[in-house]
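Colleague: I am new to this structure. Could you show me how to read it, one feature at a time?

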Amino acid sequence: MISTLKKSPLFFEMADSDIENCLKCSRSEIASYEKDELIFCQHDVPKKLLVLLEGAVVIGNDSSSGKRSIVATLNQPGELFGEVFLFLNQQEYNQYAQAVAPSQILHIPKDFLYHTCGENCGYHTKLISNMMSILAQKAYYLNRKLQIVSCATLRQKIAKVLMQNASPDGRVTLSMNREELADFMNTARPSLSRELMKMQEDGIIQIEKRQIKIINFDVLQNS
């Protein structure tokens, strides 16, 4: 378990002994969930920070009409979920988490993340610092996404993504495939592919499989 947790951003740059001390001091627990079992429901009160150790989890929500939609899928050991609700003033989740495979989840009590103990343990301070970094990175990611989805046209959205991810020489290597990129931009994949081809025909970009080369920065910025 320690080797798995070392991959988590929550335990970034922490020694094995520090991680073990954190788990003991916080009285963290490991819970097992069967496939399709709910980890938490909408309207449950957040009390623990949840870390995926094994398996896979989906985060979703139910609309007022009863329609279910998937917000995120987690399948990498060390991933956190439910952390935003843990630090909000609201008293309940507005999403649910469900195991989609037999899973093991680490539960870290909320209070351990709010303040250090009287002994001023270095590992405790480091854990809280890592948690603040995670929340800051998430806020930064959401801000970048907001800039993209608020664009008026699909071309503007594509331009924003390319400019945000371009290297100094104008090359863009995206971690997302075409389907994931379309979902990220809230558009259909065929529409995304058509617009990318138009941008290539217009001499703005050059598509090289999953890598894109920006040919004309000025036109792209003014798209």
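Colleague: Which residue stands opposite Leu 80 in β6?

Modeller: Start with the general idea. Strands of a sheet pair through backbone hydrogen bonds, either parallel or antiparallel. Now the case here, in a predicted model. Val 51 stands opposite Leu 80 in β6. Strand β3 (residues 48–54) is joined to β6 by two bridges, and the two run antiparallel.

Colleague: What is the order of the strands in that open sheet?

Modeller: Four strands make up the open sheet, in the order β1-β8-β3-β6, and the pairing is antiparallel. β1 (29–33) and β6 (80–81) each have a single partner strand, so they stand at the edges and one side of each lacks a neighbour in the sheet.

Colleague: Let us turn to β7. Which way do its side chains point?

Modeller: The general idea again comes before the case. In a regular strand the side chains alternate between the two faces of the sheet. Strand β7 covers residues 96–99. Tyr 96 and Gln 98 point one way, while Ala 97 and Ala 99 point the other way. All of these residues are buried.

Colleague: Which strands pair with β7, and in what sense?

Modeller: Take strand β2 (residues 38–40) to begin with. β2 pairs with β7 in the antiparallel sense, over two bridges. Phe 40 has Ala 97 of β7 as its bridge partner. Strand β4 (residues 57–62) also pairs with β7 in the antiparallel sense, over four bridges. There, Gly 60 stands opposite Tyr 96 in β7.

Colleague: Back to Gln 98 in strand β7. Why does Gln 98 count as buried?

Modeller: The cut-off for buried is under 20% relative accessible area. Gln 98 has a relative accessible area of 17%, so Gln 98 is buried. Its side chain also has a polar atom 2.8 Å from the backbone oxygen of Asp 36.

Colleague: What about Asn 216: where is its place?

Modeller: Asn 216 lies in the loop between β11 (211–214) and α8 (217–221). Its relative accessible area is 29%, so Asn 216 is partly exposed. The side chain of Asn 216 reaches the backbone nitrogen of Val 219 at 3.0 Å.

Colleague: Which residues does Asn 216 touch, not counting residues up to four places away in sequence?

Modeller: On that count, Asn 216 touches Gly 203 and Ile 204. Now look at Gly 170, which is 46 residues from Asn 216 along the chain. The C-alpha atoms of Asn 216 and Gly 170 are separated by 9.1 Å.

Colleague: Now helices. How do α2 and α4 pack?

Modeller: Two packed helices are described by the angle between their axes and the distance between the axes. Helix α2 (residues 16–26) and helix α4 (residues 122–149) pack at an angle of about 90 degrees. Their axes are 9 Å apart. The two helices are therefore roughly perpendicular to each other.

Colleague: Which residues meet there?

Modeller: From α2 come Asp 18, Asn 21, Cys 22 and Cys 25. In α4 they meet Tyr 123, His 124 and Leu 127. The residues of this contact divide into four nonpolar, two polar and one charged.

Colleague: Last, the whole chain. How many helices and strands does the protein chain have?

Modeller: The protein chain has eight helices and eleven strands. The C-alpha trace spans about 60 × 45 × 30 Å along its principal axes. Of the 223 residues, 37% are buried. Now take contacts between residues at least 6 apart in sequence: 68% of them join residues at least 24 apart.

Conventions: Residues numbered from 1 in each chain as written. Predicted model: local features only at pLDDT ≥ 70, side-chain atom pairs only at ≥ 80, totals over all residues. Heavy atoms only, no water. Buried < 20%, exposed > 50% of the residue type's maximum accessible area, 1.4 Å probe, protein only. Pairing = 2+ DSSP bridges. Axes fitted to C-alpha atoms, helices over the stretch in contact; angles between N-to-C directions. Parallel < 35°, antiparallel > 145°, perpendicular 65-115°, else oblique. Contact = heavy atoms within 4.5 Å. Nonpolar A, V, L, I, M, F, W, Y, C, P; charged D, E, K, R; others polar. Polar contact = N/O pair within 3.5 Å; in protein donor to acceptor, adjacent residues only side chain to side chain.
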